[in-house]
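Subject: Structure handover

Hello,

The structure is below, followed by notes on what was found in it. Please read the notes with the model open.

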Amino acid sequence: MGNKIKRIGILTAGGDSPGLNAAIRGVGKSAISYGMEIIGFRDGFRGLVENRRLKLDKSTLAGILTVGGTILGTSRDKPHRMVIDGRTKDMTEVIKENYKKWGLDCVVCLGGGGTQKNALRLKQAGLNVITLPKTIDNDVGLTDATFGFATALDIATDTLDRLHSTAHSHHRIIVAEIMGHRAGWLTLGAGIAGGADVILIPEIPYNVEKIAEAIRRRSRSGTNFSIVAVAEGAMSRDDARAFAAAEKKLDRARTLHDKKEAKIELATLDVRHQGNTMRLAKQLEELTHLESRVTILGYVQRGGTPCAADRILATRLGSAATDLIEEEHYGVMVAARGDGTEPVPLEKVAGKRKVVPVDHSWVKTARRVGTCLGD
Ligand code: F6P
């Protein structure tokens, strides 16, 4: 369209996920083939504030398709609330100045839910932005998929497979904690694929007695081991009620004092929740008289080489982003839609977390094969 050589910036923000480098390569290689220039900014939005760059050309883009993490580095820094010299500041104006200084036509931001919101803020500040949806949690709204999820699903499934043989040998319950604070996609998917006996996700608060009964039933029928796949954010019905009440309080708080109180209450509940998986394992041991152990999968789920499906998705979304830049179609997230892609305005995406609907086909499938979901 325009005659000037386009110059695009690219950054990766939020928690890393497999496929980020594949996406950087997808954007970069297709940009170069359009004759565009591309500059990488390091460590998320902070790199754009501090002018820390990585020149992206054919040689820097070579060999990164299979590499985990992100060659650009990442951070959870927000443009409008960034800690600079120990003080929290709004750095939006600095980002605008630097955008101008580097002669950028667009910034491509690779990230999850938080990044969609931050990118929208930059759009509202007058910058051209395009985002790609990445996260192992698969919880970005209005896209069929996010890259990183398929790889993490393989890793978590493989772990459940391995836990089976040791749980079986020792006649134990093994409680495997899988990532996902607000969305249970990863736990549900891995639980189904890895044949977990119990799957607990944030969307379905559990009753520990029901879980214990499912495990005791297995014992009565001669199977004296069980695998419990539990999402980080899964919680008992009582805890879910307490969280909901505190969130409601925060929502309704009108004065600063009330807001502070409600925030303290939520933070206290958060801290208490951190030991939830250990507590659950202990409760199950007491209720079933089976020895129980905990395995926290942790960052293993985010590390290492992306699987083929994530490489394809990331490359597809990355090259589609460059097509949109060529058409000067900005202010959108490149969503995966079937075999194709679709630009979705950031206003529609920001703040839309995609959680597991309780009547989702995966939930029904798990129930149909006799998996206990804790309810
Ligand atoms: O990337 C998303 C996510 O993996 C969540 O599932 C997890 O709770 C969180 O990030 C942990 O991220 P960090 O400790 O890097 O902030």
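Helices (H or I, at least four residues) and strands (E, at least two) are DSSP runs, numbered from the N terminus. This is a predicted model, in which local features need pLDDT of at least 70 and side-chain atom pairs count only at pLDDT 80 or more, while totals for chains, interfaces and linings use all residues. Residues are numbered from 1 along each chain as its sequence is written, and side-chain values use heavy atoms, with hydrogens and water left out.

S75 has a relative accessibility of 15%, so it counts as buried. Here buried means under 20% relative accessible area, exposed means over 50%, and partly exposed is in between (1.4 Å probe, protein chains only). A polar atom of the S75 side chain lies 2.8 Å from the backbone oxygen of D43. The side chain of S75 also makes a polar contact with that of D77, at 3.0 Å. A polar contact is a pair of N or O atoms within 3.5 Å; within protein, one must be able to donate a hydrogen and the other to accept it, and residues adjacent in sequence count only if both atoms are side-chain atoms. Leaving out residues up to four places away in sequence, S75 touches T12, A13, G14, D43, G44 and R46. Contact means heavy atoms within 4.5 Å.

L72 is in the loop between α3 and β4 as well. Its relative accessibility is 2%, so L72 counts as buried. With residues up to four places away in sequence not counted, the residues that L72 touches include I10, L11, T12, I24 and D43. From L72 to V344 the separation is 272 residues in sequence and 25 Å in space, C-alpha to C-alpha.

Helix α4

Which residues of α4 (92–101) are buried? They are T92, I95, N98 and Y99. Seen down the axis of α4, these residues fall within an arc of 125 degrees, so they line one face of the helix. The arc is that of the directions from the helix axis to the C-beta atoms. E97, K100 and K101, on the other side of α4, are exposed. The cover over the buried residues includes α2 (45–50), β6 (106–111) and α5 (113–124). After α4 comes G103, with a positive phi near 65 degrees.

K6 lies in the segment before β1 (7–12). At 6% relative accessibility, K6 counts as buried. Its side chain is joined to that of E328 by a polar contact of 3.2 Å. Among the residues that K6 touches, not counting those up to four places away in sequence, are M36, E37, D105, I325 and Y330.

E328 is in the loop between α12 (308–326) and β12 (332–337), and counts as partly exposed at 38% relative accessibility. Most residues other than glycine have a negative phi. E328 is a residue other than glycine with a positive phi, near 55 degrees. H289, also not a glycine, has a positive phi near 60 degrees. H289 is located in the loop between α11 (276–288) and β11 (292–296), and is exposed, with a relative accessible area of 71%.

The cavity

How many cavities of 30 Å³ or more are there? The count is one. A cavity is a set of points, on a 1 Å grid over the protein atoms alone, where a 1.4 Å probe fits but cannot get out, and lining residues have an atom within 4 Å of a point. Grid points are joined across faces, edges and corners, and a volume is the space filled by probe spheres set on the points. The largest cavity holds about 40 Å³ of space. Its lining consists of D239, F243, L269, R272 and H273. α9 (237–252) and α10 (256–273) each supply at least two of the lining residues, and α10 gives the largest share, three residues.

One more residue

D359 lies in the loop between α13 (346–349) and α14 (361–368). D359 counts as exposed, at 53% relative accessibility. D359 and V175 are 184 residues apart in sequence, and their C-alpha atoms are 24 Å apart in space.

Regards

Terms used
1 Å grid on protein atoms, 1.4 Å probe; cavity = no way out; pocket = protein on both sides within 12 Å on 5 of 7 lines; lining within 4 Å.
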